[in-house]
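Hi,

Here is the model I promised to pass on.

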Amino acid sequence: MKWFIKALLNGILTIVPIALVIYVLYKMFVFLDGLLGNVMKPYLNENYVPGVGLLATIALLTLLGWLSTKFITGAIISLVDKVLNKIPFVKTIYSVIKDTIHSFIGDKKSFSKVALVKMPGTNMKCLGFITTEHLGDLHNDLAGHIAVYIPQTFQVAGITFLIPKEDIEILDIKPEEAMKFILSGGMASKKEN
């Protein structure tokens with residue numbers, strides 16, 4: 001019986017992470033392929049090959065990205081941006097989506113600095129990511145503060161704290177390593193070679 005339980009646990013520990021990664025990648029592929037793939041399928045009928053929608057989506061995004069730097073189309077995109085930023089409720093959704101995307105792949109990436117934050121009144125510390133260092137633009141009283149996003153363990157949620165600069169220590173850790181450490185509840189603390 002011990003052999004069976006040990007073999008079962010080894011199977012779970014080795015196969016489940018691999019299966020979950022494959023499942024997530026498959027779901028991402030299906031979603032991205034379906035963005036333009038569902039539009040193309042009726043026209044291509046039996047000639048549709050999975051992945052064509054994904055390639056078409058990448059090509060369209062590349063074309064639109066290139067066009068956004070040109071004078072006429074850049075002006076049109078700028079106008080659409082201004083209009084979306086003026087419509088109540090829509091501007092909130094639009095700015096959150098835009099800022100989130102820019103924080104991961106824009107010129108001013110957030111989550112690029114790992115912060116060690118001391119919990120007030122204790123000797124405990126937690127890891128987080130600096131998202132904004134200039135809070136004085138938000139409110140004058142926050143000029144000496146930094147926004148630090150503290151992710152929660154085992155989920156993709158977190159809390160943004162506004163912390164005085166002197167209470168934050170910047171660590172020389174790759175953001176990916178810190179995120180892996182936090183999301184795993186501290187279990188992924190070994191450095192990989």
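**What I found**

Asp81 lies in helix 3, residues 71-84. Helices here are DSSP runs of H or I with at least four residues, strands are runs of E with at least two, and both are numbered from the N terminus. Before going on: this is a predicted model, so local features need pLDDT of at least 70 and side-chain atom pairs count only at pLDDT 80 or more, while totals for chains, interfaces and linings use all residues. Residues are numbered from 1 along each chain as its sequence is written, and side-chain values use heavy atoms, with hydrogens and water left out.

Back to Asp81: it is buried, at 18% relative accessible area. The classes are buried under 20%, exposed over 50% and partly exposed in between, with a 1.4 Å probe and protein chains only. Leaving aside residues up to four places away in sequence, Asp81 touches Tyr94 and Lys98, a contact being heavy atoms within 4.5 Å.

**Salt bridges**

How many salt bridges does the structure hold? There are two salt bridges, meaning a side-chain nitrogen of Lys or Arg within 4 Å of a carboxyl oxygen of Asp or Glu.

- Lys98 pairs with Asp81, with the closest N and O atoms 2.9 Å apart. This ties together distant parts of the chain, since Lys98 sits in helix 4 (residues 90-105) and Asp81 in helix 3, 17 residues apart. Lys98 is partly exposed at 30%.
- Lys113 pairs with Glu133, the closest N and O atoms being 2.8 Å apart. Here the link runs from the loop between helix 4 and strand 1 to the loop between strand 2 (125-132) and strand 3, and the two residues are 20 apart. Both are partly exposed, Lys113 at 35% and Glu133 at 30%.

**Strands and cores**

Strand 1 is largely enclosed by the rest of the structure, because four of its five residues are buried. Strand 1 runs antiparallel to strand 2, with five bridges, and antiparallel to strand 5 (residues 168-171), with four; a pair needs at least two DSSP bridges. Lys118 has Lys125 as its bridge partner in strand 2, and Val117 has Ile168 in strand 5. The hairpin of strands 1 and 2 has six residues between the strands, and Gly121 there takes a positive phi near 75 degrees.

The largest nonpolar core has eight residues: Ala115, Val117, Ile130, Ile146, Val148, Ile150, Ile163 and Ile168. Strand 1 (114-118) and strand 3 (145-151) are the elements giving two or more residues to this core, and strand 3 has the largest share, three. A second, separate core has seven residues, including Leu116, Phe129, Ala178 and Ile182. A core here is a set of buried Ala, Val, Leu, Ile, Met, Phe, Trp, Tyr and Cys residues joined through side-chain atoms within 4.5 Å.

Trp3 is in helix 1 (residues 2-44) and is exposed, at 69%. Its C-alpha atom is 63 Å from that of Thr69, 66 residues away along the chain. Ile5, also in helix 1, is partly exposed at 41%.

Cheers
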